[in-house]
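Please walk through this structure with the sequence at hand. The text below takes it part by part, from backbone details to the cores and the surface.

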Amino acid sequence: MTDPILKTHEITRFFGALKASDAVSIDLRPGEIHAIIGPNGAGKSTLIAQICGSLAPTSGRVEFQGRDVTGLSTRARSRAGLGRTFQISALAMEDSVLQNALLGALGASGRPWRFFGPALKDSALREQAEDALTRVGLQDDMHKRTAELSHGQRRQLEVAVALTLQPKAFVMDEPMAGLGSGGSKRLTGFLDGLREQAPILLVEHDMDAVFALADRISVLVYGKVIATGTVDEIRANKEVQDAYLGEDA
Amino acid sequence: MIRETHLNLGIIALLIAIPAWALMADEPFIITLMTRAVVFALAAVGLNIALGLGGLVSLGHAVFFGIGGYAMGILAHHAQTYTPLTEWPFLLEGTKSMPVIWLTAIVASTFAALVIGILSLRTAGVYFIMITLAFGQMFFFFAISWSAYGGEDGLSIYVRNGFPGLNTLVPVQYFGLCLVILLAALFLNARLAKSPFGLALNAARQTPARVETVGLDPTRLKLVAFVISGAITGLAGALFADLNRFVSPTMFSWQLSGEIMIFVIIGGVGRLFGPVVGALVFVALEHLLGGLSEYWHIYLGILLLLIVLFGRGGIIGMLCGRERLHD
């Protein structure tokens, strides 16, 4: 079996007396989509925050590409190749769609200290940004103000910005949130092909999308992973059914 | 709605036409007033980079204005009294040369902005406003107690400093010099706003978390903006002191920080020519209403209130609508 790209080793995080993450060990292998599901308050966002570096675990460690990154900042982890999308779109709303994608390309280039030439005329950055926008289907909306985009289009732009980083692994926090069924299907189709480029750690509430996409699923309840397995294994798991999926699954 | 570029060109035309008229009508005072407006505009262009692009509400920009002013005052004071600034470790003389004074003003205010920026950017929001205000007060009281350079009374410079090839004592020549500097600063500001740095800074103002996830440091971007901003305002301070041939601690006062901010808000925060419009309106009101009443600021207050309540984009926003996207 190939070595995982991203791995957490028993990460535990307390908020006061509350154990938001309880010895969570998960891994993300090349070419796969690994979905994290769980009821509200199960600690999914806390887990993402620790993987991406905005929150330090109380104990345990995070490994990325075989290297311990637990002490690294969000910035350093992005530069190392961790591409994150936000649950609530964190886009520059006053800027154009293209400018948002350019920001990703600029970050990936690591050369923001240029004060004179126009960013939009930098052909290398622009090519990278336009390419990412085309891949998510926003090529016709490039020159719109981001605030004018529909909710679904913003979700697409979130993914496009992550694409410009050409990451080694994606961490996506509910990319389908608030999408209609049409938009959700389209994004599902897109993510399906994306796993070839880089594996995806996918936190998602949309069960149709999860069951359609995931190679493996981990179920998080009260900060603890109660099961990890293939879609069929998870569907058949008695404990998961009781805790989460309920009688209709 | 007027196209913003057209409005900007109109403003430049006005900046040339009014002094040209004053020259022909033999109204040197009008030229001096216009110089005052241009220098204030330059100070506000500086603030607009921190405030408009970086979202940094600095209530301490008078620090840089004052540093520029004292750079001029101290160098010229030593030159006119034929005393060296220091004899150890090497002899350092004063100077009456504007380029040297400007360079000193820029270097000194850059350094101050770096130190103040590093300390202030550890905070955000209201705390950032308060800490920049506190730095302003520190410099103000330091200047008051600095008796070697006039203390509370400030320093008078008897003859305006010189610029190679110009007679700076002729009002229109000094005006021309200041205008060229303002236009150069506006040009640099326009390029900066569209540059990769400007793009990243713009995003850092709106969504710092995103900037961090693409691997950039929003705080460092803001710090560099703050330093550039302080350097421009510092240069304006040197020009202002030379215009008045006088420098005093009031250049460091928090009222002055407030006025610089008012220029930006009246004209339009983040708009390229916002500071210019704001400074022109301010100086016009000061001149026209100041003659009617000592309490003319009350009218300025009403104007500011109306703009903040009804026209968030300042005068430029009201005339031109929202800023166009770069393409």
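Helices (H or I, at least four residues) and strands (E, at least two) are DSSP runs, numbered from the N terminus. The model is a predicted one, in which local features need pLDDT of at least 70 and side-chain atom pairs count only at pLDDT 80 or more, while totals for chains, interfaces and linings use all residues. Residues are numbered from 1 along each chain as its sequence is written, chains are lettered from A and ligands numbered from 1 in the order in which they are written, and side-chain values use heavy atoms, with hydrogens and water left out.

The loop between strand E5 (59-64) and strand E6 (67-68) of chain A holds A:Gln65. The phi of A:Gln65 is near 55°, a positive value in a residue other than glycine. Most residues other than glycine have a negative phi, and most peptide bonds are trans. A:Gly66 and A:Pro4 are 62 residues apart in sequence, yet their C-alpha atoms are 8.0 Å apart in space.

Chain B has backbone features of its own. B:Tyr82, in the loop between H3 and H4 of chain B, has a positive phi near 55°. This tyrosine counts as exposed because its relative accessibility is 76%. The loop between helix H3 (62-81) and helix H4 (98-120) of chain B also contains B:Pro89. B:Trp88 and B:Pro89 are joined by a cis peptide bond, with omega about 10°.

Next come the domains of chain A, whose bounds come from an automatic or database domain assignment. The chain is divided into domain 1 (1-81 + 168-249) and domain 2 (95-166). Taken over C-alpha atoms, the centres of the two domains are 26 Å apart. Their contact (heavy atoms within 4.5 Å) takes 13 residues from domain 1 of chain A and 9 residues from domain 2 of chain A.

Which residues touch the most other members of the largest nonpolar core? A nonpolar core is a set of buried Ala, Val, Leu, Ile, Met, Phe, Trp, Tyr and Cys residues joined through side-chain atoms within 4.5 Å. The largest one has 148 residues, and A:Leu191 and B:Leu182 touch the most other members. Helix H2 (residues 28-53) of chain B gives the largest share of this core, 18 residues. Domain 1 and domain 2 of chain A both give residues to the core, so it lies between them. Leaving out residues up to four places away in sequence, B:Leu182 touches B:Leu15, B:Val38, B:Ala41, B:Leu42, B:Val45 and B:Val276. Another core, of 22 residues, lies apart from the largest one and has A:Leu6, A:Ile48, A:Ala169 and A:Val203 among its members.

Charged pairs are the next topic. A salt bridge is a side-chain nitrogen of Lys or Arg within 4 Å of a carboxyl oxygen of Asp or Glu, and the structure holds 18 of them over all chains. In one of them, the side chains of A:Lys224 and A:Asp22 meet at 3.5 Å, N to O. A:Lys224 lies in strand E11 (residues 224-229) of chain A and A:Asp22 in strand E2 (residues 18-24) of chain A, so this pair ties together parts that are 202 residues apart in sequence. A:Asp22 is buried at 16% relative accessibility, whereas A:Lys224 is partly exposed at 42%.

A:Glu63 and A:Arg61 form a salt bridge of 3.2 Å, N to O. Here A:Glu63 is buried at 18% and A:Arg61 is partly exposed at 35%. In the salt bridge between A:Asp141 and A:Lys144, the closest N and O atoms are 3.0 Å apart. A:Asp141 is buried at 11%, and A:Lys144 is partly exposed at 32%. A network of salt bridges links A:Asp27, A:Arg29, A:Glu32 and A:Arg216.

The last stop is the surface of chain B. B:Ile298, B:Tyr299, B:Ile302, B:Leu305, B:Leu306, B:Leu309 and B:Phe310 make a nonpolar surface patch of about 790 Å². Patches are made of residues with over 30% relative accessible area and no salt bridge, like charges being joined within 9 Å and nonpolar side chains (Val, Leu, Ile, Met, Phe, Trp, Tyr) within 5 Å. Accessible areas come from the Shrake-Rupley method with a 1.4 Å probe, and for residues only the protein chains shown count as cover. B:Leu306 lies in helix H12 (residues 297-310) of chain B and counts as partly exposed at 45% relative accessibility.

Terms used:
Buried means under 20% relative accessible area, exposed over 50%, partly exposed in between (1.4 Å probe, protein chains only).
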